[in-house]
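Look over the sequence and the fold before reading on. The paragraphs below go through the helices, the core and the metal site in turn.

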Amino acid sequence: MITQIDHIGIAVRDIEASMQMYSKIFGVESFHREQVPTQGVDVASFELNGVRIELTAALSETSPIATFIAKRGEGIHHVAFRTDAIQSDLDRLGADGVRLVHTEPQVGAHEMLIAFMHPSSTGGVLMELCSPKH
Ligand code: ZN
């Protein structure tokens with residue numbers, strides 16, 4: 001079951017510059033830093049009352065973030081919803097005709113299991129499901 005917003009992913013060109021900007025706006029003192037080579041991303045994140053903001057830069061030109069920025073520029077990339085049963089939610093959504101980027105969960109940042117729905121099925125919003133890896 002999908003229970004809450006987990007994080008908002010923001011595509012950025014320059015992660016250091018973005019961290020400085022977010023520090024200025026929110027007074028963030030430290031970011032969680034992580035690279036996820038399998039997803040092609042460099043991540044800096046912080047949390048606001050249980051909702052993470054993930055600044056995400058491309059690790060290479062073939063990264064999905066590089067493609068996104070080339071097409072649409074910097075900005076909100078995806079909204080991630082936490083679920084307590086990621087595989088059964090994916091099965092349910094797939095059976096309901098929602099186009100899935102991943103039919104099985106992948107490992108993302110924060111050791112979370114993640115899977116994306118295709119924005120063509122979700123009104124143009126790239127939605128991610130995520131669940132802590134047990
Ligand atoms: Zn995400």
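Which residue just after α3 takes a positive phi? G97 does, with a phi of about 90°. Helices and strands here are DSSP runs (H or I, at least four residues, for helices; E, at least two, for strands), numbered from the N terminus. The model is predicted: local features need pLDDT of at least 70 and side-chain atom pairs count only at pLDDT 80 or more, while totals for chains, interfaces and linings use all residues. Residues are numbered from 1 along each chain as its sequence is written, and side-chain values use heavy atoms, with hydrogens and water left out.

Helix α3 covers residues 86–95, and I86, D89, L90 and L93 in it are buried (under 20% relative accessible area, with exposed meaning over 50% and partly exposed in between; 1.4 Å probe, protein chains only). These residues lie on the same side of α3, because they cover an arc of only 100° around the axis (the arc of the directions from the helix axis to the C-beta atoms). They pack against β1 (2–11), β5 (75–83), β7 (112–117) and β8 (127–132).

Helix α1 can be read in a similar way. At its start, a side-chain oxygen of D14 comes to within 3.1 Å of the backbone nitrogen of E16. I15, S18, M19 and Y22 of α1 are buried. Their arc around the axis is only 100°, so they sit on the same side of α1. Q20 and K24 are exposed, on the face turned away from the buried side. The cover over the buried residues of α1 includes β1, β2 (32–36), β3 and β4. Just after α1, G27 has a positive phi of about 70°.

The largest nonpolar core has 12 residues, among them I15, M19, Y22, F46 and I53. Such a core is a set of buried Ala, Val, Leu, Ile, Met, Phe, Trp, Tyr and Cys residues joined through side-chain atoms within 4.5 Å. At least two of its residues come from each of α1 (15–26), β3 (41–48) and β4 (51–58). Neighbours within four places in sequence aside, I53 is in contact with I8, I10, Y22, A44, S45 and F46 (heavy atoms within 4.5 Å).

The zinc ion is coordinated by H7 (NE2), H78 (NE2) and E128 (OE), at 2.0 to 2.1 Å. H7 in strand β1 and H78 in strand β5 are 71 residues apart, so the pair links distant parts of the chain. H7 counts as buried because its relative accessibility is 2%, and H78 counts as buried at 7%.

Terms used: Donors are N, O and S atoms within 2.8 Å of the metal (3.2 Å for Na, K and Ca); water is not among the atoms, so sites may look incomplete. A polar contact is a pair of N or O atoms within 3.5 Å; within protein, one must be able to donate a hydrogen and the other to accept it, and residues adjacent in sequence count only if both atoms are side-chain atoms.
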